[in-house]
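This report goes through a protein model by fold, core, helices, charged pairs and surface. The sequence and coordinates come next.

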Amino acid sequence: MGDLFYKVFVNPFVEMVQIPDLFVQVLWEGFVSGTLYSLIALGFALIFKASGVFNFAQGIMVVFGALSLVGLYALGIPALLALVLCLGIMFALAVGVERIVLRPLVNQPDIILFMATIGLTYFLIGFGEFVFGGEPKLMPTEALGLPTGAYEIEMLGGRVILQHLDIAAAVIAAIMVGSLAIFFNKTRIGRALRAVADDHQAAMSVGITLQQIWVTVWFAAGIVALTTGIMWGARSDVSFALQIVALKALPVLILGGFTSIPGAIVGGLIIGVSEKLAEFYWGPLVGGSIESWVPFFIALIFLWFRPQGLFGEKIIDRV
């Protein structure tokens, strides 16, 4: 038993102390992944605040936005102009979702709205494969003005490599998360979100325009999805596998709280750093690839002890 404890807990820590520069590298990669997870989770949180429903389609919106940009660029359209046109595509998607999917389902049970987002997911998958094909594509990183290359910093007796693209991704994600947090917390639209999520009919009775709120929120979630798709696509490639990465937002939301924008930020950083540290710390003991399930294990622990999340609202029912 003592040998097992040493092998699992003590020895990895000793090895980590012996290579501190690698430990800093892992922390940095976890921070970058965490900021992007926060960005994905923010899209889920915005729609949940406006409808009270988990938007299963947010993952495919990430893919669809990135594929639209790559597809327009492949047609010879300049990258920056293609980016502007993609914003128009996401706005058109928001309007279409509100008029075709959400408007007929006002005051329907939440499970109906959730099933509608699942249907929207498979529609976008089929439509995306029909238009863009199913093979992975390269993001035009340089044409979009995103930096390439890396910094090498001498630290703790070794070298820490900071990719320029990772720095840009972290900065862009932080700016967008902060801007949207201020917008939805300090404006009339932000105050209307909770009323819409609590009771559609009551919100309309006090003058809140449900359709405009839904279009605004879905468009904001579309901008978040497009930005996320660009950042993730620039780091690897653009393919339908990105929607699996987007599902990492689920443990982020469980940690932070489904209705909390600050919770999306904190939860994303916790998940990003934790999965990288777990892979570095225990991955060699089990053959690696544990960062794919560690976030969900952490989320399960939170569900046991604090199901509303760190910043979520604790609901008390009185009878």
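Is E135 buried, exposed or partly exposed? With a relative accessible area of 45%, E135 is partly exposed, where buried means under 20% relative accessible area, exposed over 50% and partly exposed in between, with a 1.4 Å probe and protein chains only.

## Basis of the model

The model is predicted: local features need pLDDT of at least 70, side-chain atom pairs count only at pLDDT 80 or more, and totals for chains, interfaces and linings use all residues. Residues are numbered from 1 along each chain as its sequence is written, and side-chain values use heavy atoms, with hydrogens and water left out.

## Overall fold

The protein has 13 helices and two strands. Both kinds of element are DSSP runs numbered from the N terminus, with helices being H or I of at least four residues and strands being E of at least two. Of its 319 residues, 49% count as buried.

Among contacts with a separation of 6 or more, 75% are between residues 24 or more positions apart; contact means heavy atoms within 4.5 Å. The accessible surface is about 15500 Å², and carbon and sulfur atoms hold 68% of that area. Areas come from the Shrake-Rupley method with a 1.4 Å probe, and for residues only the protein chains shown count as cover.

## Nonpolar core

The largest nonpolar core contains 84 residues, and the members that touch the most others are L46, M139, F184, W218 and I230. Helix α9 (residues 210-235) supplies the largest share of this core, 14 residues. Such a core is a set of buried Ala, Val, Leu, Ile, Met, Phe, Trp, Tyr and Cys residues joined through side-chain atoms within 4.5 Å.

What does I230 touch, not counting residues up to four places away in sequence? The partners are A66, L69, L83, M139, L144 and L146.

Because 20 of its 26 residues are buried, α9 is largely enclosed by the rest of the structure. At 1.5 Å a residue, α9 should span 38 Å, and its end C-alpha atoms are 37 Å apart, which agrees. The expected span is 1.5 Å times one less than the number of residues.

Helix α5 (residues 110-132) gives a similar check: its 23 residues should span 33 Å, and the end C-alpha atoms lie 32 Å apart, in agreement. Its buried positions include L113, A116, T117, L120, T121, L124, I125 and G128. An α-helix has 3.6 residues a turn, so residues three or four places apart point the same way. Just after α5, G133 has a positive phi of about 85°.

In α11, seven of the eight residues are buried: A249, P251, V252, L253, I254, L255 and G256. G257 follows α11, and its phi is also positive, near 110°.

## Salt bridges

The whole structure has four salt bridges, each being a side-chain nitrogen of Lys or Arg within 4 Å of a carboxyl oxygen of Asp or Glu. Side chains of opposite charge can pair when their charged atoms come close. One of the bridges joins E98 to R103, with the closest N and O atoms 3.1 Å apart. E98 lies in helix α4 (residues 79-102) and is buried, at 2% relative accessible area, whereas R103 is partly exposed at 38%. Leaving aside neighbours within four places in sequence, E98 contacts R103, Q211, W214 and V215.

K248 and E275 form another bridge, 3.0 Å from N to O. This pair links distant parts of the chain: K248 is in the loop between α10 (242-246) and α11 (249-256), while E275 is in helix α12 (residues 261-286), 27 residues apart. Both K248 and E275 are buried. E135 also pairs with K137, at 3.5 Å from N to O, and K137 is buried, with a relative accessible area of 18%.

W293, F297, L300, I301, L303, W304 and F305 make a nonpolar surface patch of about 790 Å². Patches are made of residues with over 30% relative accessible area and no salt bridge; like charges are joined within 9 Å, and nonpolar side chains (Val, Leu, Ile, Met, Phe, Trp, Tyr) within 5 Å. W304 is part of helix α13 (residues 294-305) and counts as exposed at 59% relative accessibility.

I182, in helix α6 (residues 164-186), is also exposed, at 56% relative accessibility. The C-alpha atoms of I182 and I261 are separated by 9.6 Å, and these residues are 79 apart along the chain.
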